[in-house]
Amino acid sequence: MFIFEKRTQIPVCIKNRNPRLAGIIISQYGGPDGELSASLRYLSQRFTMPDNMGKALLTDIGTEELVP
């Protein structure tokens with residue numbers, strides 16, 4: 001069906017580990033104030049909107065938050 005190749009777009013060479021910086025980056029993506037949680041909030045709130053224009057707006061904002 002398709003071939004999955006796990007590789008990055010740009011080659012990355014990590015010389016030094018920095019767990020503190022890694023924790024900050026992870027919290028921005030998946031933490032309570034991160035992009036992923038904001039996106040999921042927008043996408044879940046779209047189901048309670050009474051009109052289609054509001055649903056479309058929340059869908060656009062939610063999907064935009066997912067794109068880096």
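A: Begin with the patch: patches are made of residues with over 30% relative accessible area and no salt bridge, and nonpolar side chains are joined within 5 Å. The model here is predicted.

Q: Which residues make the nonpolar surface patch?
A: The patch is made by L21, I24, I25 and Y29, and its area is about 380 Å². One of these residues, L21, lies in helix α1, which covers residues 19-30.

Q: Is L21 buried, partly exposed or exposed?
A: Buried means under 20% relative accessible area, exposed means over 50%, and partly exposed is in between. L21 has a relative accessible area of 45%, so L21 is partly exposed.

Q: Where is S39 found, and is S39 buried or exposed?
A: S39 is placed in helix α2. Its relative accessible area is 0%, so S39 is buried.

Q: Which residues is S39 in contact with, leaving aside neighbours within four places in sequence?
A: With those neighbours set aside, S39 is in contact with G62, E65 and L66.

Q: Where is R46 found?
A: R46 sits in the loop between α2 (35-45) and α3 (52-66). R46 is partly exposed because its relative accessible area is 23%.

Q: What does R46 touch, not counting residues up to four places away in sequence?
A: On that count, R46 touches K55, L58 and T59. With T59 there is also a polar contact, side chain to side chain, at 2.5 Å.

Q: How many residues apart along the chain are R46 and G62?
A: They are 16 residues apart along the chain, and their C-alpha atoms are separated by 9.2 Å.

Terms used: Residues numbered from 1 in each chain as written. Predicted model: local features only at pLDDT ≥ 70, side-chain atom pairs only at ≥ 80, totals over all residues. Heavy atoms only, no water. Patch = residues over 30% accessible without salt bridge, like charges linked within 9 Å, V, L, I, M, F, W, Y side chains within 5 Å. Areas by Shrake-Rupley, 256 points an atom, 1.4 Å probe, with all protein chains shown as cover. Salt bridge = Lys/Arg side-chain N within 4 Å of Asp/Glu carboxyl O. Helix = DSSP H or I, 4+ residues; strand = E, 2+ residues; numbered from the N terminus. Buried < 20%, exposed > 50% of the residue type's maximum accessible area, 1.4 Å probe, protein only. Contact = heavy atoms within 4.5 Å. Polar contact = N/O pair within 3.5 Å; in protein donor to acceptor, adjacent residues only side chain to side chain.
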